[in-house]
Structure formats: structure tokens, C-alpha cells
Amino acid sequence: MQECLNLGLGVLTVEQWGVDGNDVNENEFMSYYTRSQRLSDHIAVIEHLEKHPPEGWNGKLVFIGVSEGGPLVTDLSMMCPNTLATINWCGAGDWPWADELWQFFDHWKQNSFWMRLYDAIPRWLPFSADVPRTRGEYDSLVQQIIQNPTPDQRMDGMTYLYVADAFQAPLVDYSKIRSPFLVVAGTEDSAIASSDQFVQKAQEAAVPITYFRIDGMDHYIRRRPEIIQDSFKWLQVQIENQRALDAVNQ
């Protein structure tokens, strides 16, 4: 938040359903916890701001998202023509989410002793993991989840409602991203190949994209505060460029 304030930005976050300060209604939260709902909520807030603009607001929007917030800020960048810039930390991917999730599971198994041990345990044992052992088993489960999008069943901690919604998310339309877009991804992240493909397709579509591909970084960018600071330095340049353009057009 302070980094945004230092750049002269107002800061706004949209809370999840069922959350009121420190009070969380878990049933309400899980009943509305999907990517589509999060996108709809943000659009509703943006439309309200545009109808009732705060004093001093220039009408421009900056989107910053991390991990699961990455697809959200990508969608918002495509949908909002008044986007000034977007920062996507460890959440920009071109692959369908079913493929990214399988890659995460596979990466997890290969790099975790406990997951390799779990993978060797017969599935009839009560303490075995709920991660499918093969891609065929996984694809079958994906279809079952899509056909039964309930908040009452879970896979790897996420509700069927959430993952069914994510599995059916439309692919990125790069032609609709017209503002500066920063992708930050680590080479040790399971989704690095998907991020690489996102950037390649964005470049082919002439998106003004910048790629921070960080050697040795995994999914947890919070462990790399210097990369976060470099991201805000990039954002400062975009803001200064916009201010210069506004001054020319006045």
C-alpha cells in the first residue's frame, strides 16, 4: 500500500463475500468464492467509481495482482479501456487452468519427498492424498468437477465450485490488452512455461509488455522484496509517461 501512496495513487481493494473485518462467515465465503464472482465484484466497484468519481481522480486505473489475482488483473486489463498499467506477479499464464494445475501437482510430486511418498501409497488407505496419480485420472476428475460445481466438495483444499469455474475460464484475448503490462515470474515456479507462453503471445499481439523472468525464484514473490521494489520502479515510469502524455494533450 505504501508504495502505491508514494506514487500518488489511491488504493482500493475489493473484499471477499462473507468477510467483515476480522469476522468471516465461512459458508458464505465458500458459496461465492470463484474467479468469476471476483471479476464481477471488481467490475461492479469500477462502474460505481466511474459513475461517482472520487475528488482528484483522473479516471485511470492501475491493477496489481499476485498468484490467483493474476488472472483477475489480466481480465480487468482486457475489459477496462482506462487502464494505465498492470502488474501481474506470479499469475500470468496462457495455458488453461486445468493444465496449469496438473503441472503444479506434477511439480509438487517431483520436488516433495512427502508427495512422492504419498504417491506410492495405495489409494484405498484412509490417509492417502486426494491428488490424482495419473493425468488420465486427473482429466476424469476435472470432468466430474465441472459437472458437479458444488461448494460442499473439495479437491486439494479448493471447492469444486471454485475449480469448476476456473477450469472453464476463457483464454486470454491478447488483442484487448493495450496498456503497459508487467509480468513477473520465477524460473522455479511450476507455471513458468505457461508464463513464458503468455509473454510470447502478448509480444506477437503487440502488447506493450515487460517480462521480469527471475532465475531461482519460486511462486512466493514476497520472499523477494527487491523484485517487488523493481516492479514499483517500473510502475513509476509508466505513471510518469502518462503524465507527460496528459501534459502534451492539454
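Let's begin with a term: a residue is buried when its relative accessible area is under 20%. One caution, too: this is a predicted model.

Now to a first example. Thr83 sits at 8% relative accessibility, so it counts as buried. It belongs to strand E4. What does Thr83 touch, once neighbours within four places in sequence are set aside? Its contacts are Leu61, Phe63, Leu76, Ser77 and Ser179. One distance for orientation: from the C-alpha of Thr83 to that of Arg213 is 23 Å, and the two residues are 130 apart along the chain.

Helix H4 covers residues 69-79. Eight of its eleven residues are buried, so the rest of the structure largely encloses this helix.

Is Gln242 buried or exposed? Its relative accessible area is 16%, so Gln242 is buried. Not counting residues up to four places away in sequence, Gln242 touches Lys60 and Leu84.

Next, the cores. In soluble globular proteins, nonpolar side chains tend to be buried together. Here, the largest nonpolar core has 21 residues. Which of them touch the most other members? They are Tyr138, Ile145, Met155 and Phe167. Helices H2, H5, H7 and H8 (160-167) each give this core at least two residues. H8 gives the largest share, with six residues. There is also a second, separate core of 19 residues. Among its members are Ala85, Ile87, Ile214 and Trp234.

Leaving aside neighbours within four places in sequence, Tyr138 contacts Trp97, Ala98, Leu101, Trp102, Phe105, Pro132 and Phe167.

Tyr138 is also part of the packing between helices H7 and H8. The axes of these two helices come within 9 Å and cross at roughly 105°. Angles of 65 to 115 degrees count as roughly perpendicular, and H7 and H8 are therefore roughly perpendicular to each other. Which residues meet there? From H7 come Tyr138, Leu141, Val142, Ile145 and Ile146. From H8 come Tyr160, Val163, Ala164 and Phe167. By class, that contact has nine nonpolar residues, no polar ones and no charged ones.

On to the aromatics. How many aromatic pairs does a search of the whole structure find? Eleven. Take Trp17 and Tyr32. Their ring centres are 3.9 Å apart and their planes lie at 10°, so this pair is stacked. Trp17 is in the loop between helix H1 (2-6) and strand E1 (19-20), while Tyr32 is in helix H2 (residues 26-32), so the pair ties together parts 15 residues apart in sequence. Trp17 is partly exposed, at 33% relative accessibility. Tyr32 is partly exposed as well, at 34%.

Now a second pair, Trp102 and Tyr138. The ring centres are 5.2 Å apart and the planes are at 40°, so this pair is tilted. Trp102 lies in helix H5 (residues 97-111) and Tyr138 in helix H7 (residues 135-147), so the pair ties together parts 36 residues apart in sequence. Both residues are buried. There is a cluster to look for, too: Phe29, Tyr33, Trp97, Tyr162 and Phe167 form one aromatic cluster.

Last stop, the backbone. Most residues other than glycine have a negative phi. Two residues here are worth checking against that. Cys90 has a positive phi, near 55°, and is not a glycine. Where is Cys90? In the loop between E4 and H5. At 7% relative accessibility, Cys90 is buried. Then there is Ala206, whose phi is also positive, about 65°. Ala206 lies in the loop between H9 and strand E8 (209-214). Buried or exposed, this Ala206? Exposed, with a relative accessible area of 52%.

That's the tour. Thank you.

How values were computed: Residues numbered from 1 in each chain as written. Predicted model: local features only at pLDDT ≥ 70, side-chain atom pairs only at ≥ 80, totals over all residues. Heavy atoms only, no water. Buried < 20%, exposed > 50% of the residue type's maximum accessible area, 1.4 Å probe, protein only. Helix = DSSP H or I, 4+ residues; strand = E, 2+ residues; numbered from the N terminus. Phe/Tyr/Trp six-rings, centres within 6.5 Å; stacked < 30°, edge-to-face > 60°. Core = buried A, V, L, I, M, F, W, Y, C linked by side-chain atoms within 4.5 Å. Contact = heavy atoms within 4.5 Å. Axes fitted to C-alpha atoms, helices over the stretch in contact; angles between N-to-C directions. Parallel < 35°, antiparallel > 145°, perpendicular 65-115°, else oblique. Nonpolar A, V, L, I, M, F, W, Y, C, P; charged D, E, K, R; others polar.
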